[in-house]
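Dear colleague,

Please find below the structure that I am handing over to you. My findings follow directly after it.

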Amino acid sequence: MAGPSSAPTVPGETAAEIPFPRAARRFAEIVCPPAVRGGQRADRVLRELGLMLASLPPAARKALGAALVALDHGARLYPPSRGRRFARLDDRVAAAYVRALLARQDPAAELVRRLKSVIVMCYYELPEVQREIGYDPEPYIAVVSRRRLERHGPQIQAGTDQAGTGTGLP
């Protein structure tokens with residue numbers, strides 16, 4: 001968490017297009033805490049998702065896109081949905097459908113579990129959510145950095161690569 005995507009978006013930073021954005025938004029509303037519906041959090045979660053997808057290898061990006069397609073259209077086969085797509089289900093039916101999917105043990109369910117993980121991670125990447133849960137990694141990072149310099153300072157300095165970038169890698 002608190003990675004580059006938590007910072008204000010850099011002009012020109014491109015997000016991948018999200019396949020089935022209405023289904024992605026609906027899924028976020030079901031799998032994230034209820035606060036995702038407040039303000040423009042769902043929009044920002046989708047923006048984070050786009051940035052995350054852009055950073056993934058093409059195969060992973062396609063797999064998550066396929067999960068959204070399967071999630072959205074697969075709902076038509078779920079009897080309580082009465083033939084409607086996931087994006088059009090009410091909260092009760094949508095939540096029951098997701099629970100039913102996640103309880104399964106097949107490749108489609110695994111894709112949905114991975115999609116859930118990515119979307120929930122995108123939610124917790126939002127700076128206001130991190131503040132609300134008291135997540136502040138900066139003090140810890142400072143302590144660990146100081147400790148590493150004290151213990152390994154000479155090795156870190158000696159490990160500067162030939163380009164002089166100071167990676168500390170041999």
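Is helix 1 (residues 21-31) largely enclosed by the rest of the structure, or largely exposed, and why? Helix 1 is largely enclosed, because eight of its 11 residues are buried. Buried here means under 20% relative accessible area, exposed over 50% and partly exposed in between, with a 1.4 Å probe and protein chains only.

Before the details, a note on the basis of these values. The model is predicted, so local features need pLDDT of at least 70 and side-chain atom pairs count only at pLDDT 80 or more, while totals for chains, interfaces and linings use all residues. Residues are numbered from 1 along each chain as its sequence is written, and side-chain values use heavy atoms, with hydrogens and water left out.

**Overall architecture**

The chain has seven helices and zero strands; helices (H or I, at least four residues) and strands (E, at least two) are DSSP runs, numbered from the N terminus. Of the 170 residues in the chain, 34% are buried. Among contacts (heavy atoms within 4.5 Å) with a separation of 6 or more, 65% are between residues 24 or more positions apart. The chain exposes about 10300 Å², of which carbon and sulfur atoms supply 59%; accessible areas come from the Shrake-Rupley method with a 1.4 Å probe, and for residues only the protein chains shown count as cover.

**Helix 1**

The buried residues of this helix are A23, A24, R26, F27, A28, E29, I30 and V31. Their cover includes helix 2 (41-55), helix 3 (58-74), helix 4 (91-103) and helix 5 (107-124).

**Aromatic residues**

The structure holds four aromatic pairs. Rings of Phe, Tyr and Trp (its six-membered ring) pair if their centres lie within 6.5 Å; planes under 30 degrees apart count as stacked, over 60 as edge-to-face and the rest as tilted.

In one of these pairs, the rings of F27 and F86 have centres 6.2 Å apart and planes at 65 degrees, so the pair is edge-to-face. This pair links distant parts of the chain, since F27 is in helix 1 and F86 in the loop between helix 3 and helix 4, 59 residues apart. F27 is buried, with a relative accessible area of 0%, and F86 is likewise buried at 0%.

F86 also forms a tilted pair with Y97, at 5.8 Å centre to centre and 45 degrees between the planes. Y97 lies in helix 4, so this pair ties together parts that are 11 residues apart in sequence. Y97 counts as buried, at 4% relative accessibility. Together, F27, Y78, F86 and Y97 form one aromatic cluster.

Yours sincerely
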